[in-house]
Amino acid sequence: MKDNNLSAIKWITMRIQRPTIQVVIDCATYHDLNYSLEVNLNRIKIDNGSSYPAYRQTKKIKDNLEKHKL
């Protein structure tokens with residue numbers, strides 16, 4: 001598995017331990033952020049064709065949360 005995917009798995013695992021929040025990123029509303037991250041986590045772990053889009057979405061979420069200090 002790629003290092004990027006491993007770091008995404010680690011970040012998601014840490015993030016979903018927090019209470020879920022609703023967040024809007026680039027006109028996309030995540031009503032239950034933890035659920036969305038869990039879906040991405042499963043897609044990354046499967047490591048098939050859906051792992052790269054899941055990684056990109058996770059990175060976008062992470063960057064936005066860090067930007068807004070959430």
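Helices and strands are runs assigned by DSSP, a helix having at least four residues and a strand at least two, and they are numbered from the N terminus. In these terms Asp 26 lies in the loop between strand 1 and strand 2, in a model that is predicted. Asp 26 is exposed, with a relative accessible area of 60%, and its phi is positive, about 50°, although the residue is not a glycine. Most residues other than glycine have a negative phi. Asp 26 is also touched by Lys 60, a residue of helix 3. Besides Asp 26, Lys 60 touches Ile 25, when residues up to four places away in sequence are not counted. Lys 60 and Asn 48 are 12 residues apart in sequence, and their C-alpha atoms are 20 Å apart in space.

Within helix 2, the residues Leu 33, Asn 34, Ser 36, Leu 37, Asn 40, Leu 41 and Ile 44 are buried. These residues cover an arc of only 155° around the axis, and they therefore lie on the same side of helix 2. The face turned away from this buried side carries Tyr 35 and Ile 46, both of which are exposed. The buried residues of helix 2 pack against helix 1 (3–15), strand 1 (23–25), strand 2 (28–30) and helix 3 (51–67). Helix 2 is followed by Asp 47, where phi is positive and near 55°.

Asp 47 is also one of the residues touched by Asn 5, the others being Ile 44, Ser 51 and Tyr 55, with residues up to four places away in sequence not counted. Asn 5 is placed in helix 1. Its relative accessibility is 5%, and because the limit for a buried residue is under 20%, Asn 5 counts as buried.

Helix 3 has 17 residues and reaches 24 Å from its first C-alpha to its last, close to the 24 Å expected at 1.5 Å a residue. The buried residues in helix 3 are Ser 51, Ala 54, Tyr 55, Thr 58, Ile 61, Asn 64 and Leu 65. What covers these buried residues includes helix 1, strand 1, strand 2 and helix 2. The segment after helix 3 contains Lys 69, which has a positive phi of about 55° although it is not a glycine. Lys 69 is exposed, with a relative accessible area of 75%.

Attention now turns to the pockets. Rolling a probe the size of a water molecule over the atoms shows where empty space is left. The largest pocket has a volume of about 170 Å³. It is lined by Asn 4, Ser 7, Ala 8, Trp 11, Met 14, Tyr 55, Thr 58, Lys 59, Lys 62 and Asp 63, and helix 1 and helix 3 each supply at least two residues of this lining. By class, the lining has 4 nonpolar, 3 polar and 3 charged residues. Tyr 55 and Thr 58, which belong to the lining, are also among the buried residues of helix 3.

Conventions: Residues numbered from 1 in each chain as written. Predicted model: local features only at pLDDT ≥ 70, side-chain atom pairs only at ≥ 80, totals over all residues. Heavy atoms only, no water. Buried < 20%, exposed > 50% of the residue type's maximum accessible area, 1.4 Å probe, protein only. Arc of directions from axis to C-beta. Contact = heavy atoms within 4.5 Å. 1 Å grid on protein atoms, 1.4 Å probe; cavity = no way out; pocket = protein on both sides within 12 Å on 5 of 7 lines; lining within 4 Å. Points joined across faces, edges and corners; volume = space filled by probe spheres on them. Nonpolar A, V, L, I, M, F, W, Y, C, P; charged D, E, K, R; others polar. Expected span 1.5 Å × (residues − 1).
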